[in-house]
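Hi,

Here is the structure for you to look over. My notes follow below it.

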Amino acid sequence: MKSAFAVVFALFVQFQNVFCEYGSYRSYTFTRPIDLSFGIDDNTVHWDSSQKVSTSRSEIYLPDSTYKSFNKVCFPEHSGTHLDAPSYVTKNGRRVADIPIDSLIVSGIHVDVTNEVHGEPKFVLDEHHLRRWTETYGKIESKSVLLINFGWANRYWNRSAYMGYNENSRNFPGISIPAARWIVENPNIVGVGVDTPSVDVGHSNTFDVHRILTGANVYLLENVALNNTYLPARGFQLVVMPMKLTHGTGAPTRIIASPYCIGGAGLAKVSKFAIFVMFVASLLKAHVR
């Protein structure tokens, strides 16, 4: 009987090791949570160059000599790394505060097309890029946010290069209409993030991708800090933390990516398997008796 338990336990340990390798896709460089958001300060990027972050600082000493300081900060909803709520361009869409918690703590999907973009501002992510990803890494079967890495975030602090200004028009990569339709056909994709100023291509005036995605209650993350990050294609968790503006059409957002093997859904799946192992062990014990 002791040997039977030993075999079952060995299977559990082996499964856990395999799962952790699968979860991180053997991305040993990704072992701790990382921040995928830019900080908000006077250099924060906005869609309209006339917009800016306004900060005033106060410092006081109380009668008992206690020091106290505080800032007064004013900024647009859609500042820096931010979330576009469906209500941004969809009249009856969810506002920021209406987005369910279980759509903000989700699996992460990383579609890295930097080697195809090669810094070309006219690049467009098409449906075939997404189909190729699923053919390589498998179907998207749990609530997920799709992160599109165009290799553009390294330009963030140079507004002209980031926006791709050319004769007063913006030029940077974006998502195609067919790709947006492919995304909304997968109900497990609850959000889409890009490392550019918009999910639409820079020169768009109609913002069709915004309308298609938010029309399906998919929220959008823009100006995501994917520079110098080494995310695997899948197998990690995202925690999306927008400022909870009750009537917000958007909000500055902090985004944290963490490996599943340190907890989250990965640990939950391993725990479910542990329950299964204990069930099998109890059957073996009953059989021996």
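Is His78 buried or exposed? His78 is buried, because its relative accessible area is 16%, and buried means under 20% relative accessible area, exposed over 50%, partly exposed in between (1.4 Å probe, protein chains only).

First, the basis. This is a predicted model: local features need pLDDT of at least 70, side-chain atom pairs count only at pLDDT 80 or more, and totals for chains, interfaces and linings use all residues. Residues are numbered from 1 along each chain as its sequence is written, and side-chain values use heavy atoms, with hydrogens and water left out.

Back to His78. The loop between β3 (67–74) and β4 (82–84) holds this residue. Its side chain makes a polar contact with the side chain of Asp84, at 2.7 Å. A polar contact is a pair of N or O atoms within 3.5 Å; within protein, one must be able to donate a hydrogen and the other to accept it, and residues adjacent in sequence count only if both atoms are side-chain atoms. Beyond its neighbours within four places in sequence, His78 is in contact (heavy atoms within 4.5 Å) with His46, Leu83, Asp84, Tyr88, Thr249 and Gly250.

Now the whole chain. Seven helices and 12 strands make up its secondary structure. Helices (H or I, at least four residues) and strands (E, at least two) are DSSP runs, numbered from the N terminus. Of the 289 residues, 43% are buried. Among contacts with a separation of 6 or more, 75% link residues 24 or more positions apart.

Strand β5 (residues 105–112) comes next. Six of its eight residues are buried, so the strand is largely enclosed by the rest of the structure. β5 pairs with two strands, β11 and β7; pairing takes at least two bridges found by DSSP. Four bridges join β5 to β11 (residues 236–242), and these run antiparallel. Gly108 has Phe236 as its bridge partner there. Six bridges join β5 to β7, running parallel. Asp112 is partnered by Asn149 in β7.

Last, helix α5 (residues 177–184). Ala179, Ala180, Trp182 and Ile183 are buried in it. At the start of α5, a side-chain oxygen of Ser176 comes within 3.1 Å of the backbone nitrogen of Ala179.

Best regards
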